[in-house]
Amino acid sequence: MAGNSLGTDRAKRFAGAIDCDLHPAVPGMNVLLPYLDDYWREMITVRALDRLNLSLTSYPQNAPLSCRPDWALEDGKKPGSSLKAMQEHVLDRYQSGHGILNCLYGAQVFHSEDMAAAFCRATNDWIRDEWLSRDCRLRASIVIPAHNTEMAVAEIERRADDFRFVQILMLVSGELTLGRRQNWPIYRLAERLGLPIGIHAGSAYRCAPTPVGWPSHYVEDYIAQSAAFETQLQSMIAEGVFAKFPDLKVVAIESGLTWLSGYIWRADKTWKGVRAEVPWVTKAPSEIIRSHVRFTVQPIDAADEREAIARLVDHMKSDSLFLFSTDYPHWQFDEDAALPPGLPDELFRKIVSENALATYPRLSKANQIMEIAL
Amino acid sequence: MTRHIVATVDQIPPGERMLVTIGNREIGIFNVAGEYFAVGNRCPHNGASLCKGRIVGLVEAREPGSYQFSRRGELVRCPWHGWEFDLRTGKSRCEPDRTRVRSYEAKVEPGAVLTDDTLRAETFPVSIDRQYVVVDV
């Protein structure tokens, strides 16, 4: 595909990249049937669940965000449902060393906790068999029913020995603020197993997706996502998640970046004023973020993306926070360049692979373990 | 360094503070449970008057959910941004090495000692049978 080529020079620069945000789509409930027990298989028919799309409401099939138009599949198939297309569109093109799959599917937000747990389990099985086992470059996040901590922990434990699962996936807007102690068993296990918590944009819509009420338009919901990230990072810091779990890593995925500068300024300033309220927070929030939180770089949402990254490196006092991602096949109204041209070589290398290797300890271990897991 | 008599002890009861000017410096004198401390009045961050701040204790935590309260009344919170300063050392709680207010030695001396030396040059009338707060500046 000549028109799809990156050009030899750029392809070389990206070779071995770690793409930290790829979205495989569950094409339909039929693919999960082999992984469900008799009860759920019958319920799917009886309740006509198979006729539901069950895409996550934040990423409905035809919303602009769900697919860059030139990445659309033939016959109107769900964007992201074809491994072959993902290989052509991004994996082969960037010659990625690894790509991390973040499957966004209704399973993780079903109101029934039992149903959510059963379908998350099936989704993870399906990802293992249809994606991880078919392309050795792929790694995945564990999809969990985050609103039931016990069931979430059980699902994480079920995947613990398969080192191709490198992260735990949560939505930025679930049922609770993420710092609440109710979630801590998930974080305790994540820390022990070397699994970062990947927080992805998107809502379970248990509450209005903006702090001031329900939006009328897609554009309001889209713009509100970064505020949700800000709130959740603040929740995790203030509730003491990072004081309690000093080795825990969090990756903000599809969070946008430019809001960070203003946020850390306000968070640091306010902490200095009211720190006695949260005395376990003994470091400035910006320092806690520097130690524990990483961000995927698609989208950047700035007029000059190179300048925006340079400024953030300066404000955050670190070049280790940003992770390469194509966000395939999502579309943030951006163009083809996954990273802006003109980044200094060292920063480029860090963003493209070194930062991810430091964030995901299982990436380096997975190759040696994979044969056993298979 | 010169010693300055700034107040009689009963002018600054426990838990209270007094703003004094020595030369061109404004200094806050704080009585913490009978012990006197003197720090520059000007917050090193943006210049608010620390003497107008709230007196607080030290709050620490072993882990999230633990609240350890100690050193009642030994810190002052800036009235503008709420930064806490340790009255014993002048160091701020959040940035102890970077942000600190000048602290001075404050002592209580009997008038009998003070009337003997040159300190009488101060505008303060000193009588032998009273106790005075003295600051080294």
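Predicted model: local features only at pLDDT ≥ 70, side-chain atom pairs only at ≥ 80, totals over all residues.
Glu155(A) belongs to helix 5 of chain A, which spans residues 149-159. Beyond the neighbours within four places in sequence, Glu155(A) contacts Ala117(A), Cys120(A), Arg121(A), Asn124(A), Ile142(A) and Ile144(A). Of these contacts, Ala117(A) is 38 residues away in sequence. The C-alpha atoms of Glu155(A) and Ala117(A) are 7.7 Å apart.

Chain A also contains an open sheet of eight strands. The strand order is 1-2-3-4-5-6-7-8, and the pairing is parallel. Strand 1 (18-22) and strand 8 (322-323) of chain A stand at the edges. Each has a single partner strand, so one side of each lacks a neighbour in the sheet. Within the sheet, strand 5 (residues 197-203) and strand 6 (residues 250-253) of chain A run parallel and are joined by four bridges. Gly198(A) has Val251(A) of strand 6 as its bridge partner. Helix 7 (residues 218-239) of chain A lies across strand 4 (165-173), strand 5, strand 6 and strand 7 (293-296) of chain A. The angle between helix 7 and strand 4 of chain A is about 110 degrees.

The contact between the chains takes 11 residues from chain A and 11 residues from chain B. On the chain A side, helix 8 (241-244) and helix 9 (259-274) each supply at least two residues. Helix 9 of chain A gives the most, with three residues. By class, the side of chain A that touches chain B comprises five nonpolar, two polar and four charged residues.

Methods: Residues numbered from 1 in each chain as written. Chains lettered and ligands numbered in written order. Contact = placed C-beta atoms within 7 Å. Nonpolar A, V, L, I, M, F, W, Y, C, P; charged D, E, K, R; others polar. Pairing = 2+ DSSP bridges. Axes fitted to C-alpha atoms, helices over the stretch in contact; angles between N-to-C directions.
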